Amino acid sequence: MNAAVYEKIHRLETTPEAMERTVAYIAGNLRDLVYANEHVLICYPKLGEASFGAIMERAVAACSCIPVFWGPDYRWKTLLRQAFSLHTQTIIGPPLVVLGLMKMAKATATPLYIHNVLLGGYPYASWMVEGIKKGLDCRIWGCYCVGPDSVVAGFTCNREAGMHLRDDLFEVSIVGDDGKLLPDPQRGRLYLKYRKDPSLVYDTEESAKMLHQPCSCGCDAPRILETLYVGEDDPTKKILEERFLAWSSILDYRVEKTESGLALELVVFPGESLPVIPNCAKLTIRPWKPDEDMPFCMTYLQKPAEKG
């Protein structure tokens with residue numbers, strides 16, 4: 001049912017007119033980050049005109065900036081080289097990718113000039129955000145998307161905590177276990193009602209708090225606070241993600257459940273301390289291979305590039 005609701009909302013929000021409104025909304029928020037003619041590095045692929053990467057490209061251009069995509073070579077070292085050579089001050093990307101970029105810069109003593117990071121998707125772990133913020137000495141912004149694609153539902157202002165809801169598009173409800181609406185600022189299940197068709201109510205599979213009060217940034221849209229994912233997911237993945245990626249010595253990891261147990265692979269920077277490794281059916285700990293390795297979360301895009 002929830003997938004069907006999302007598909008209907010996605011179809012209505014990827015018409016040319018709706019996408020123009022989304023681009024204008026993102027550009028209006030991006031203007032707090034960027035200045036004219038700067039190169040903005042986008043770490044999302046452009047997979048069709050309705051993809052998140054394509055929408056961000058248009059929004060960046062609408063701010064009189066120059067959008068630059070990472071790729072089609074998605075090796076880690078290519079990302080580091082682009083960020084350095086462009087003197088990138090603003091980067092838009094998934095948290096795991098930006099976190100890895102920060103670690104590579106530290107491990108290779110490569111100076112970066114990033115002042116602003118816009119993270120797509122929400123919620124994301126606080127340890128990850130704090131690691132990026134501290135490691136790059138930058139400001140962090142967030143763009144809230146409904147579902148896995150490009151239905152943009154909110155933006156952070158970097159003045160106060162929380163995500164400003166895109167209230168021209170959605171009405172937010174916080175619901176308790178008994179199915180009743182909860183007042184501010186009680187925690188409950190987060191639902192988004194699509195204003196263009198109120199019969200479409202999307203279960204975000206997240207719990208959150210909500211505030212209906214003006215923000216110091218001047219926006220009076222409701223703010224969604226302290227969001228946590230509560231849908232069905234593999235808890236092992238979240239536990240291992242923090243256990244490993246919170247360490248600067250580990251660039252990337254992947255885990256697979258097999259009939260014999262967990263198969264774990266760690267990509268590390270040699271010579272640095274590692275956390276305690278849990279018992280696994282198969283364990284691979286290997287050094288980062290700059291000429292081969294790309295983020296595991298991006299391997300669906302292409303095979304690793306040839307050496308050279």
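Predicted model: local features only at pLDDT ≥ 70, side-chain atom pairs only at ≥ 80, totals over all residues.

Modeller: Glu205 is partly exposed, with a relative accessible area of 29%; partly exposed here lies between buried, under 20% relative accessible area, and exposed, over 50%, using a 1.4 Å probe and protein chains only. Most residues other than glycine have a negative phi, and most peptide bonds are trans. You'll find Glu205 in strand 10, residues 201-211. Strands are DSSP runs of E with at least two residues, helices are runs of H or I with at least four, and both are numbered from the N terminus.

Residues are numbered from 1 along each chain as its sequence is written, and side-chain values use heavy atoms, with hydrogens and water left out.

His87 also has a positive phi, about 50°, and isn't a glycine. Look for His87 in the loop between helix 4 and strand 3 (90-93). With 45% relative accessibility, His87 counts as partly exposed.

Then come the cis peptide bonds. One runs from Gly71 to Pro72, with omega near 10°, and Pro72 is in the loop between strand 2 (66-69) and helix 4 (76-85). Another joins Asp184 to Pro185, with omega about -5°; Pro185 falls in the loop between strand 8 (170-175) and strand 9 (188-194).
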